[in-house]
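Please keep the structure open as you read.

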Amino acid sequence: MHTRVLSRIDVEKILTIQDTLTSVREAYMMFNQGKVVQPPIMSIDVPEYNGEVDIKAGYSPNKEIISVKTAGGFWNNPKQYNLPTGLAVISLYDAKSGFPVCIMDGTLITEYRTGAAGGVSAEVLARQDSSVVGVIGAGRQAQMQVVALKEILPIQTVKVWSRLKEQAIFYKKIMEELLGIEVLPCSSAEKAVVDSHIVVTTTPSKKPIVMNKWIKPGTHIIAMGADMQGKQELEEAIFTRAKIVVDSLQECIKRGETQNPIKLELIEKSDIHAEIGEILLGRKAGRVNDDEVTIFDSTGMSIQDITTAYMVYKKATEREIGSKIRLI
């Protein structure tokens, strides 16, 4: 038996944001139907090198596949090593035998499925006339969130703020060329947030950046940066007036943005409206009026990696993309 190996270039030949949106919707519904075994996320902090590593694993009985992803965020990479901030490897195992059927670059899959998560949240939680997005952070994930949102909503303008001015300027160039929309670099986080219909946060911050007083009725917030204990991008008071939706309740109250208002006892676990899979399955309501402030808090789940990576693996096998090695 051979193991298929897929490089980033191989994955790039296959992966589309449309397919990823479909995979992520499927993943969320499978999770809330109890069709996945998903152990807690394991994290390793590497402060001396300004980095962190998350290990996410899961088993899908439906697909008879086990997935293990090692994903790192090393913030010095672009300047010091000419590498992306985010690096990931995904391995897939046949659930019947444990044989490693595929090893693939997981960086692109992580970028796409995380972007798609924000897009799926906007389908059920954002106002459907949303056209202005305020983005906090200007890295790769800040790009992918808007790419996904553009598939879902009539996005026309993006306001972006980054601590590094040159990064915001680069973001403008990339995104205007890619999507043909207006991108406005902002001199402050407040300017990026105020009057935006959707606010996206994508930084590794450990203190609040987005303030409660900036958030107007009807805003949808996509909180993607906080995925480890101690991280925070939103002022806790925002949660007291918002409909709170999470990907995994267990993970978000421990390591997501939701951990912070819970620690301060501003909200309780029972104040969280739903896991997004419950809304997609029709078990709970999404947005019910134009004035609601909604928050989608996501730490990411292995089932998103499983559904997306398995889709890539199947297409690679059908099209004979990648190489095959005798690993075992």
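A search of the whole structure finds 20 salt bridges, a salt bridge being a side-chain nitrogen of Lys or Arg within 4 Å of a carboxyl oxygen of Asp or Glu. This is a predicted model, in which local features need pLDDT of at least 70 and side-chain atom pairs count only at pLDDT 80 or more, while totals for chains, interfaces and linings use all residues. Residues are numbered from 1 along each chain as its sequence is written, and side-chain values use heavy atoms, with hydrogens and water left out.

Let us begin with Arg-4, which forms a salt bridge with Glu-320, the closest N and O atoms being 3.8 Å apart. Arg-4 belongs to strand 1 (residues 3–6) and Glu-320 to the loop between helix 11 (302–319) and strand 17 (323–325), so this pair ties together parts that are 316 residues apart in sequence. Helices here are DSSP runs of H or I with at least four residues, strands are runs of E with at least two, and both are numbered from the N terminus. Are the two partners buried or exposed? Arg-4 counts as buried, at 6% relative accessibility, whereas Glu-320 is exposed, with a relative accessible area of 52%. Buried means under 20% relative accessible area, exposed over 50%, and partly exposed in between, using a 1.4 Å probe and protein chains only.

A second salt bridge joins the side chains of Glu-64 and Lys-96 (3.4 Å, N to O). Here too distant parts of the chain are linked: Glu-64 sits in the loop between strand 3 (51–60) and strand 4 (65–74), and Lys-96 in the loop between strand 5 (86–94) and strand 6 (100–105), 32 residues apart. Glu-64 is partly exposed at 39% relative accessibility, and Lys-96 is exposed at 61%.

Now look within helix 6, where Lys-173 and Glu-177 are four residues apart and are therefore separated by about one helical turn. Their side chains meet in a salt bridge (3.3 Å, N to O). Lys-173 is partly exposed at 46% relative accessibility, while Glu-177 is exposed at 58%. Elsewhere, Arg-8, Glu-111 and Arg-140 are linked in a network of salt bridges.

Helix 6 also leads us to the helix packing. Helix 5 (residues 140–152) and helix 6 (residues 165–179) pack at an angle of about 25 degrees, with their axes 11 Å apart. Axes are lines fitted to C-alpha atoms, for helices over the stretch in contact, and angles run from 0 to 180 degrees between N-to-C directions. The two helices are therefore roughly parallel; angles under 35 degrees count as roughly parallel, over 145 as roughly antiparallel, 65 to 115 as roughly perpendicular and the rest as oblique. In contact (heavy atoms within 4.5 Å), Ala-142, Gln-143, Val-146, Val-147 and Lys-150 in helix 5 meet Tyr-171, Ile-174, Met-175, Leu-178 and Leu-179 in helix 6. These residues divide into eight nonpolar, one polar and one charged.

How do helix 2 and helix 4 pack, and at what angle? Helix 2 (residues 17–32) and helix 4 (residues 107–125) pack at about 70 degrees, with their axes 8 Å apart. That makes helix 2 roughly perpendicular to helix 4. Among the residues that meet are Leu-21, Val-24 and Tyr-28 in helix 2, and Ala-116, Ala-117 and Val-120 in helix 4.

Technical notes:
Ala, Val, Leu, Ile, Met, Phe, Trp, Tyr, Cys and Pro count as nonpolar, Asp, Glu, Lys and Arg as charged, and the others, Gly among them, as polar.
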